[in-house]
Amino acid sequence: MATQMNNSKQGLRTPLVPFMLLDYSFHSVILCGDCLIYCSVVPPSCRFGDSVTEINIQNCRRHLYLFVIWQKIMAGSIDCDHQHEYKLDRWGYPINTKSDACILHINAYCEQVLSYGAKRDVITRATQEDGDCVLANTLAALTLLDKRPSDAASHLHAAERKLEVATVYEKMVFNAVSSLINGGDEETTIDLHFKLLTDFPKDLVSLKRAQVLCFYIGRPDLSLQLVEQVLPANQGENYIYGMLSFSLLEAGRMGDAELASRKGLRIKSDDPWSQHALCHVFQHECRFKEAVQFMKTCLDSWNACCSFMYTHNWWHLALCYLEGHAHFSKVLHIYDSHILASLQRENVDPSQVYLNALGLLLNIHVHGHSGIIDDRMRDLADHLLDQSLWHQEWLLDLLAVWALTFTNKFSQADQLLEDMKCRVNEMRGNKRQSMQRVPLLAEALYHYGKSDYSRAYNILGANFNVCEYKVIGASDEQLDVFDNVWCIILLNSGHISQAIEALEGKVAIRSGVPLTWRFLEKAYSTEGGEPLEIAREKAKALEETYFTEEE
């Protein structure tokens, strides 16, 4: 069928068979059985309910809309069934439901996903309005998977049970989501999303879902391919440019990323993902003051965000203060009053709060402020004794191993470390191969937490490269703290020449970070001379560059 369609540049003509024109106002939607057909030429005299006997259908691969022809239609064998009623979602794609309220809640869910809202469970209201809607049940299954797995399974079963009467769009979403839920091969799941977005490019929620999967397997290249594939169909749309910007910055294209995020903010100034992406650019380019000034203008828009986005944007703001050598009280205020305090927010996800809290505390630690945060570390480590927080994210597990060890909770740290090793050992094929170094980093963090730097060095080996850990689902900024831990390990285990090489490499990428120059100062101090003086003066100058005492 697809071959027949692709062979025609001018469109193809169907057999002379009756169709029912359902909605002339939206690209002439035609219904025959379970199949919706978007028609390019319909007699202008046709109105709602008229019969149409001859239709010219454009080549779907060369236009923005999907033109679907059921094989029965192509064969001329048609069993028309007009009992199903279809409605269009926010993307303009057909959903098999009679309920306007169901569509309303599906659309509200889409907005929550794209805006990183805290009320994604609105999708369950869609299933209450129409328990047979395949799309509503599919999206509800994914939303409830982590917190209410039995309910998620029920929704997925409900969707599968009605799959026969679903539209082509709903079926493709179901196939992609069920592969993700059922732990299908990641390459297969991503391929299903590529196919879905080829035929339905305006579905930005499916794009977001696919990009998140790419992030968690360390494939920013695929994430960029996905968003570039659908960009022509979404010019000027809300949210698309934030997704483009983050993919570009993960690919190292900071200039293009800045342009994309600014375009996204011109369209929708409170898009938290565009805000987040622009902050990434500022931070990477050591424009710390500019980052802080910008993020302060966005604060009010974060109140409606989910726990991850709310605490993560505050994490970025705190890290810009920390890296830019602002007064340390500002960093602590953000930790106390915005990150940890968010545990009291409605619809809180504690794991995401602890993820960003731990990420900030480890950054504070490598900046040499451990003594000031001892009480905070002990308090947070107590929360990490709750094993329901374990194994939700690899990054959280890594940070938790360090925190538990640093606060002398060795038995719990040992257990978490062994669990991580077992999880990787149970993997198969390429997945196991890509993840096998993660327990090594966890073990090194365990010994780093004990100040056993030589042991940590021996575990990681001389060829440690933090870029190989994208597979844990972490941005370059989130991984950078582990690179700083590595530099501390090198300096404190006596591998000075290797430390100098690593630090000079960091300076070549980001020359405006005071901490890196302080590390170089320590490395050069074994030999003295001009390099030592240069590093010392550079560090001092940068520490006075970004913020005044009042800022």
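## Helices H23 and H24

In this predicted model, the axes of helix H23 (residues 453-460) and helix H24 (residues 476-492) come within 9 Å and cross at roughly 120°. Axes here are lines fitted to C-alpha atoms, for helices over the stretch in contact, with angles running from 0 to 180 degrees between N-to-C directions. H23 is therefore oblique to H24 (under 35 degrees is roughly parallel, over 145 roughly antiparallel, 65 to 115 roughly perpendicular, and the rest oblique). Helices are DSSP runs of H or I with at least four residues, numbered from the N terminus.

On the H23 side, the contact (heavy atoms within 4.5 Å) is made by Tyr453, Ala456, Tyr457 and Leu460, and on the H24 side by Trp486, Ile488, Ile489, Leu490 and Asn492. Sorted by class, it has 8 nonpolar, 1 polar and no charged residues.

## A look at Ser370

Ser370 sits in the loop between helix H17 (350-366) and helix H18 (374-383). Its relative accessibility is 16%, so Ser370 counts as buried (under 20% relative accessible area, with a 1.4 Å probe and protein chains only). Leaving aside residues up to four places away in sequence, Ser370 touches His365 and Phe406.

## Confidence and conventions

The chain averages a pLDDT (the predictor's confidence in each residue, from 0 to 100) of 87, and 85% of the residues score at least 70. Over residues 1-83, the pLDDT is below 50, and this stretch has 164 contacts in the model beyond near neighbours in sequence.

Residues are numbered from 1 along each chain as its sequence is written, and side-chain values use heavy atoms, leaving out hydrogens and water. Local features need pLDDT of at least 70 and side-chain atom pairs count only at pLDDT 80 or more, while totals for chains, interfaces and linings use all residues.

Technical notes
Helices (H or I, at least four residues) and strands (E, at least two) are DSSP runs, numbered from the N terminus. Ala, Val, Leu, Ile, Met, Phe, Trp, Tyr, Cys and Pro count as nonpolar, Asp, Glu, Lys and Arg as charged, and the others, Gly among them, as polar. Buried means under 20% relative accessible area, exposed over 50%, partly exposed in between (1.4 Å probe, protein chains only).
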